[in-house]
Amino acid sequence: MASLVLRRLLALIPLLFLVSTGVFSLTLLLPGDPAITLAGGEGASLADIAAVREALGLNDPFPVRYGRWVAGVLRGDFGISLDSGKPVSDEIRARFPVTFGIAILAVLVALSIGVPAGILGGVRPGSLADRLGVLAASIGIAVPSFWLAMILIAFLAVELGWLPAIGYRGFGQSPVDWLRHVIMPALALGTAASAAMARQLRAALVDVLGTNYVRTAWAKGAGSGRVLAKHALKNAALPAITILGLQFSSLLGGTVIIEQIFGIPGLGSYSLRAIIANDLPVIQAVTIVFVLVHVLFNLLVDLAYGLLDPRIRLT
Amino acid sequence: MRSDVETGRSRTTALGLCALLAVGLSLVACAEERGRTPENGSSGIADSDGVLRYGLDLVATGGLSLDPMLSNTVGDFIHMNLLYDTLLHFTPEGTYVPGLAREFTMVDSSTIELTLRPGLRFHDGTPLDAKAVRFTIERNVAAHNLNHAPLLRRVEAVDVIDDLSVRIRLSTPTAGAFHELLAGRETMPISPSAARDLARDLDARPVGAGPYRFEEFIPEQVLRLRRFEDHWDTERFPLDGIDFVHAMAGPSRVNALLSGDIDIADFTAVDTRALRPRPDLELSVRPSRSGFLYVALCKAVKPFDDVRVRQAIGFAIDRAGVNEAVLDGLGEVMWTTWPKDSPYYNPKLERVFAFDPDRARDLLAEAGLPDGFAFDVMAPSFSSAFLRLAEILQAQLADVGLDVRIVISSNIIRDLMNRRAPTSAIGWTRPGLQKVTRMFGPDSVANFCNYRDPAIDALTAQIAALPPDDSPEVIALWHALEEIIARDALVQYVAFQPVVQAWNTHRVGGVEGIFDTGQGIDFGTVYVKR
């Protein structure tokens with residue numbers, strides 16, 4: 001298992017190099033000169049602009065600037081936001097727990113809905129419950145998360161008054177308030193993932209329950225719980241976990257709109273404002289953070305494979 | 001006989017349903033009381049510990065400012081007025097009455113004298129005296145904040161007459177217009193000791209002399225203010241505190257009010273559709289005198305330096321259509337700087353740019369652009385009304401051959417300064433003479449491309465030297481000013497925005513004074529019901 005972890009971590013290095021090069025290269029692709037913006041815009045004098053370029057090292061060759069930026073990133077310094085003038089690292093540090101908390105809760109939503117639904121359909125394929133489950137999963141995949149978010153607000157917040165429509169409370173401030181503020185965003189984000197997981201688990205379970213070793217287990221008098229949990233689910237879970245890993249990147253991307261709808265001060269809403277404002281340091285920083293989180297999450301998925309399948313552990 | 005699998009499945013289903021029911025009941029139990037139904041309605045008696053939740057966008061234009069010196073939007077006035085108070089107060093009728101200053105006198109057209117109330121204190125206990133007023137004004141003048149009224153830079157000197165009295169001397173005869181600044185952000189007194197404390201960031205922990213002191217600010221979440229017991233007028237304020245809760249303009253803010261997350265907020269015209277039919281909400285709608293939609297034109301770049309091009313744009317805009325589409329018909333078509341019910345309104349300019357696409361095309365042809373041309377229009381992202389205005393302009397101007405590309409701005413102040421586009425579909429909120437001086441005067445971010453006209457400067461100077469009343473002399477000056485602006489098509493006014501305020505009547509009472517756009521309400525009468 002340790003060698004698996006080590007191999008995966010080493011594989012991160014070329015990946016991060018490629019991603020960071022691409023992200024940093026955005027400076028070459030986007031129009032406008034950040035030095036002009038920082039020097040005060042079109043009204044700035046040429047001397048001011050030149051001074052800003054020199055101070056920021058913008059006259060240095062691309063590899064030198066890239067190396068300096070990477071060195072800063074490794075120290076946790078992502079530069080200064082062009083929009084707010086504040087250190088990007090401070091904002092990332094404050095917002096990351098917000099977005100990560102919502103994403104993890106969305107994963108829990110996906111698991112808590114997707115797994116039971118998948119099992120229900122898998123053990124009784126063709127039944128009414130199975131068909132309803134397949135229909136619900138199709139709807140869940142088709143419905144956009146932002147639309148679902150607005151429906152949840154209209155129903156749970158406005159009509160019933162059960163949950164707040166906007167805002168955020170930190171977990172440290174009040175765990176209950178935190179949950180009340182993030183449960184709708186998590187539901188909106190996690191529903192599509194739960195639907196995908198349910199479908200994948202159902203299909204895998206149908207296949208596994210028809211295999212000879214499961215039939216043998218029945219024949220030997222094993223109870224349904226034991227057959228399901230010990231034999232069937234372990235094998236059916238692998239593709240479902242793969243789906244979860246793929247869905248996680250969608251969850252992270254979905255926070256961009258969801259946080260805007262719910263007025264949540266996370267990385268998603270931060271990146272959306274940065275995109276509109278052409279705030280390159282923020283765009284670069286959030287992209288790197290999202291990629292890192294996605295890669296680490298998939299490392300966990302790979303480790304889960306190893307736990308479930310000894311053959312993977314040994315390769 | 002049921003198989004083990006079927007039995008197990010039934011048990012699992014039952015357990016799952018029980019779990020869902022438990023979660024649902026927990027959420028209902030934890031739900032805050034909304035007070036939205038008659039059965040849950042409150043008594044109507046003021047709660048002495050009541051805290052009002054006011055919906056406000058805490059992230060527009062780069063984030064909330066708490067230090068008046070750094071303020072970059074007129075919308076900051078609502079919370080700053082509560083934190084700092086002002087030397088003069090303006091009334092909903094647009095007149096000025098004593099605030100922190102118990103007396104104010106216009107000595108001549110360049111000089112104003114003020115006398116403070118005795119015993120005033122800042123939130124940190126230090127005295128608010130004449131020296132503090134001088135310190136504040138000099139600090140703000142030195143900051144050269146382009147979002148402050150340009151008139152602030154005409155302050156030549158602030159003399160301390162005695163402990164409570166100051167004399168403000170201006171370098172130009174503009175004492176009449178300066179009254180606006182004495183009731184605005186530009187002269188809100190701050191604690192000199194707090195400002196001089198280098199370890200303290202006033203923008204993070206402000207210290208003023210207003211009826212409410214700073215308690216907490218969580219960026220993008222909430223700004224909490226609590227009663228300052230030593231305020232000179234504390235008895236007038238029923239509320240124990242005010243929480244400004246982050247709620248972006250548009251559907252988020254509407255949902256926040258409907259769900260009970262906020263008690264009161266100002267809204268746009270389009271929001272009224274969702275707010276009107278609710279029995280637990282009260283809605284106030286009236287035209288603004290200072291908030292309006294317009295199209296800014298950079299006269300320094302081609303082809304906008306040609307008056308015929310600017311006039312063509314004016315004739316191509318269907319203002320009544322914009323009022324219907326953007327403001328739900330609740331605004332007022334705008335031909336000059338003042339609405340029709342104002343004594344300064346110039347009837348000669350009624351329909352000066354009446355919708356006439358044929359005339360627009362003729363003017364473009366005369367200007368050598370028979371096929372039209374393409375250009376960018378900036379629109380601020382924080383308001384759906386401005387974005388909608390840009391979209392409608394895009395469609396209307398296309399009919400006369402003008403190809404508009406919309407550029408969305410998340411920081412319109414910065415982008416105006418940087419001239420990210422030659423035109424902007426924008427809204428503005430400025431009282432009185434500032435509507436003109438900030439658009440055409442020097443060193444103003446709203447003066448797109450620094451346009452100057454000596455004739456306009458002369459007229460605004462004359463108006464600024466006179467008391468802000470409706471004498472025939474002042475009216476004649478305003479008419480002359482508006483005729484120049486219209487003749488040269490320096491800007492294309494579109495419509496006055498309505499002032500829309502809505503509140504939850506189960507939670508809130510006493511909403512009587514609603515000021516103009518961006519000025520909030522009179523918190524001295526508002527209370528939270530017990």
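**Notebook: chains A and B**

I began at the residue just after helix H2 of chain B, where Asp85(B) takes a positive phi of about 65°. I am reading a predicted model, in which local features need pLDDT of at least 70, side-chain atom pairs count only at pLDDT 80 or more, and totals for chains, interfaces and linings use all residues. For bookkeeping, I number residues from 1 along each chain as its sequence is written, letter chains from A and number ligands from 1 in the order in which they are written, and take side-chain values from heavy atoms, with hydrogens and water left out.

**Helix H2 of chain B**

I then looked at the helix itself, taking helices (H or I, at least four residues) and strands (E, at least two) as DSSP runs numbered from the N terminus. Helix H2 of chain B spans residues 77-84 and is mostly covered, with 7 of its 8 residues buried, where buried means under 20% relative accessible area, exposed over 50% and partly exposed in between (1.4 Å probe, protein chains only). I listed the buried residues of H2(B) as Phe77(B), Ile78(B), His79(B), Met80(B), Leu82(B), Leu83(B) and Tyr84(B). What do the buried residues of H2(B) pack against? I found strand E1 (51-56), strand E2 (88-90), strand E8 (212-218), E9, E10 and strand E11 (264-267) of chain B.

**Chain B as a whole**

I noted 15 helices and 19 strands in chain B, and 58% of its 530 residues count as buried. Among contacts (heavy atoms within 4.5 Å) in chain B between residues at least 6 apart in sequence, 70% join residues at least 24 apart. I recorded that chain B exposes about 20,400 Å², of which carbon and sulfur atoms supply 53%; such accessible areas come from the Shrake-Rupley method with a 1.4 Å probe, and for residues only the protein chains shown count as cover.

**Salt bridges**

Side chains of opposite charge can pair when their charged atoms come close. I counted a salt bridge wherever a side-chain nitrogen of Lys or Arg lies within 4 Å of a carboxyl oxygen of Asp or Glu, and the count over all chains comes to 35.

Arg202(A) lies in helix H9 (residues 175-209) and Asp130(A) in helix H7 (residues 128-142) of chain A, so the pair ties together parts that are 72 residues apart in sequence.

Asp243(B) and Arg226(B) form a salt bridge with their closest N and O atoms 3.0 Å apart; the pair links distant parts of the chain, with Asp243(B) in strand E10 (residues 241-246) and Arg226(B) in strand E9 (residues 222-227), 17 residues apart. Asp243(B) counts as buried at 8% relative accessibility, and Arg226(B) is buried with a relative accessible area of 14%.

Glu113(B) forms a salt bridge with Arg167(B), the closest N and O atoms being 2.9 Å apart, and this pair joins strand E5 (residues 111-116) to strand E7 (residues 165-170) of chain B, 54 residues apart. Glu113(B) is partly exposed at 26% relative accessibility, as is Arg167(B) at 28%.

**Surface of chain A**

Patches are made of residues with over 30% relative accessible area and no salt bridge, with nonpolar side chains (Val, Leu, Ile, Met, Phe, Trp, Tyr) joined within 5 Å and like charges within 9 Å. Which residues make the nonpolar surface patch of about 470 Å²? I found Phe146(A), Trp147(A), Met150(A), Ile151(A) and Ile257(A), with the largest share, 4 residues, coming from helix H8 (residues 145-159) of chain A. Trp147(A) lies in helix H8 and counts as partly exposed at 44% relative accessibility.
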